[in-house]
Structures are given as C-alpha cells and as structure tokens.
Amino acid sequence: MSRDETIRRIEQASGRLATQSIARMDDQLSWFRALPADQRSWVTLLVQSGIASYVGWLRQPSTVPGDVLRLTNNVFAAAPRTMARSVTLQQTVELIRQTINVVEEQVPPLATEDDRTAVREELLRFSREIAFAAARVYAGAAESRGAWDTRLEALVIDGLLGGTPIGDDPLSQLTALGWRSTGPVTAVVGTAPATDLDDRTRDELRAEIHRGARRLSFDALAGVQGDRLVIVLGNIDDPMRAATDMLTHFGDGPVVVGPRAEDVSASNIVTQAALSGLRAVDGWPGAPRPVSSDSLLPERTLAGDLDAREQLIETIYLPLAKAGDVLLETVSTFLANGGALESTARALFVHTNTVRYRLKRVGEICGESPTNPRGAFTLQIALTVGRLDASS
C-alpha cells in the first residue's frame, strides 16, 4: 500500500471520524451538550474542516510558514466570528483535543506499517499548528471586538449626551459591552483628567474606568467628549456613594451626579440631569464634590432648565401649597425678613416659637430647611417659580 493509498483511506473515513469526534464531545463535555443547535452545527463544520485540512497536510507536508498558515487558518475560515463570543479559547482547545484523540485512535490502523509513524508525527505537528491557529483567531477576534466595543460605547455615550434613549431593548444592546445588571443606574459627569486626550489615551482611560467599576461590582459606560468625562454606572445603590468611589477618574473641577433611575432604560434622563447640573454648578461656588444634580435645582432653573423648574415646583412649592396658606405665608415672611425669627413673628402677630414650629414643618414637608442658608435660597427660587406658574 502506497502513501497515496493511506491518505485516500483516511480521506474516505473523514466523515466517520468527524461523527465520532462530535459523539466524544457530547459524552465528555457538558458545556458542549448545552450549546444551541446552531453553534453545535458550526462546531461540526469546524471538525470536518479540521480533518480535511489534516488530509491536505498529509498530501503536502511543509515547513513553509505560508503553507502552514493556509492549511491551519482554513479550519476556522467557515466559522462565524460570533463563535468566539460563545465558545472560549480554552473550550476550543478542548474541542481540538477531543478531535485529535479520536483521530489518533482511528487513523493509524488505516495506514500501512511503514506509514503509521509518519502519520502520527504529522498529526502531532498539525495539532500543534491548529492550536496556534486557534490562538490567532481568538486574538484577532479580541482585537476586533475591542475596536468595535470602543465604537459602540462611544455611540451610546454620544446618544445619551444628546438625550437619546439607548433603544427599545437597552439591556440586550449593552450586554455586548459587558453590562450585566438590571438594577439601578446613575450618571456622573465632570472634567476629564486632561483636555488633549488622543484616541489611545482615551482608550486607556476607559479601560481604567471599567477596571475600577468591576472592582466595585458596578457596570460602567464611559466616554470623553471635549473636556467632559461621562460615566454611566449600573448596579448601584446610592448614587452619591458610587460617584465618590469613582471620583479619582476625574480631573480637577466640579463633578455632578445624576439621580438614581431604576434601570438602564432611563440612563438618558439621569445623564441629562447630570449634564444640566454641570452647566449650572458654577452658580454655586461652594458646591461639594461630588454634588447631586438635585441639589443644583435652583441654579439649573436659573440657567433655563425647564425640567429642573418643574421639579422644584412639584417637590417644594406644591407640597407647601397643599399644606395650607399658613405655612406658605410663614416661610415667605421669614425669607422676606432676612431669616429673622423676631421680625417674622411680629409681622405675623404670633410667638417666635410658633414661627419655629411652622418653619420646622416646612422642612419636614419639602426637605428644605428655611433656617439653612442653602435651604432658604432653594425655597426662595421654588416659591418664585411656583407663584409664576400658578399665575400664568
């Protein structure tokens, strides 16, 4: 029997070898059994292609790098790139090992005694090169995925900055970016660490933010636009605490935290609130870092944010109005008298303790204390826009 006859016999048995390899995977690998039907069919195609390439290798054994690459790369040419997302490199190596085991058992009896040693040696060389080819495929997929993820994340951030929701099914879209949680989200905006970041430095900053978020068990999207850094955080509990944990990624200057939204579908709303706060934060020189966008409602209202104006009316003016004219009159008089209890009491013809009690009730109802300078300022703006709204 000639070498050509040995190769012909192996080629004729290739279908049986592929079937036995798939059966071995089914028996040995629980994760393979759990694969969807379409992915199992792609694995079958890979096995068939691998055995066909081995036959080609036997016909024309070569140490020329170009020939080696052509034969081994052809094995993975038919598989979709999406397989690299669902089947890991380690799992692919395990698939190759199972196939090689079957071929090692079944092929030598098909060869003459003179050819068996050569067949085994060529199988050893071929299996090594196939493993290298798999590593090249996964490295290329990782590189392409990284570039695609960067573009996708930039598109998502640009959309959020423009006020556009992520989409009808945001969670499935963000899964490609490693987003896992279905819980609360917030947005944190501030100054980027530098104003002249190039593409490479931006990518490094994004990677650093993602690593920091993972250490804290957060999901994260990040992007730089101009001199602004925007981070959307998922799986958070307290937005302010989450923002404080991520503060080191920002440059100098104010950092504003959006409100808490229940899921990622509202990420555009919290991002817009945070951006509005960043535009208005200069109106409060003593603002803490970070500062909540809700704490900047007066400045945002004065800057023309209609959503902030509406929120001031709904959370402060209307609750006080519903509580009765007495509280509105008391807090208005207190503010008009520069926060002086005695002057307020005289103007209302009541005892100062009565004024104190009423002002305490104001704080309990709307969350802003008139006796606190910041609370008094917020109340003044809320009462003003509330009266304007009521008179229009």
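## Basis

The model is predicted: local features need pLDDT of at least 70, side-chain atom pairs count only at pLDDT 80 or more, and totals for chains, interfaces and linings use all residues. Residues are numbered from 1 along each chain as its sequence is written, and side-chain values use heavy atoms, with hydrogens and water left out.

Helices (H or I, at least four residues) and strands (E, at least two) are DSSP runs, numbered from the N terminus.

## The sheet

Five strands form an open sheet in the order 2-3-1-4-5. The pairing is mixed. Two strands pair if DSSP finds at least two bridges between them. Strand 2 (219-225) and strand 5 (291-292) are the edges. Each has a single partner strand, so one side of each lacks a neighbour in the sheet.

Seven bridges pair strand 2 with strand 3 in the antiparallel sense. Ala222 faces Ile231 of strand 3 across this pairing.

Strand 1 (residues 185-191) and strand 4 (residues 255-257) run antiparallel and are joined by three bridges. Here Val189 stands opposite Val256 in strand 4.

## Helix 12 over the sheet

Helix 12 (residues 267-280) lies across strand 1, strand 3 (228-234) and strand 4. It runs at about 30° to strand 1. Axes are lines fitted to C-alpha atoms, for helices over the stretch in contact, and angles run from 0 to 180 degrees between N-to-C directions.

## Helix 14 against helix 18

The axes of helix 14 (residues 306-323) and helix 18 (residues 373-391) come within 8 Å. They cross at roughly 90°. The two helices are therefore roughly perpendicular (65 to 115 degrees; under 35 is roughly parallel, over 145 roughly antiparallel, the rest oblique).

Contact means heavy atoms within 4.5 Å. Helix 14 contributes Arg309, Leu312, Ile313, Ile316, Tyr317 and Leu320. Helix 18 contributes residues including Leu379, Ala382, Val385, Gly386 and Asp389. By class, the contact has 12 nonpolar, two polar and three charged residues. Ala, Val, Leu, Ile, Met, Phe, Trp, Tyr, Cys and Pro count as nonpolar; Asp, Glu, Lys and Arg count as charged; the others, Gly among them, are polar.

In helix 1 (residues 3-12), the buried residues are Thr6, Ile7 and Ile10. They cover an arc of only 95° around the axis, which puts them on the same side of helix 1. The arc is that of the directions from the helix axis to the C-beta atoms. The face turned away from this buried side carries exposed Asp4 and Gln12. An α-helix has 3.6 residues a turn, so residues three or four places apart point the same way.

## Backbone sites in loops

Arg289 and Pro290 are joined by a cis peptide bond, with omega about 5°. Pro290 belongs to the loop between helix 12 and strand 5.

Asn235 is not glycine, yet its phi is positive, near 60°. It lies in the loop between strand 3 and helix 11 (239-245). Its relative accessibility is 39%, so Asn235 counts as partly exposed.

Phe349 also has a positive phi near 60°. Its place is the loop between helix 16 (341-348) and helix 17 (352-366). With 76% relative accessibility, Phe349 counts as exposed.

Terms used: Buried means under 20% relative accessible area, exposed over 50%, partly exposed in between (1.4 Å probe, protein chains only).
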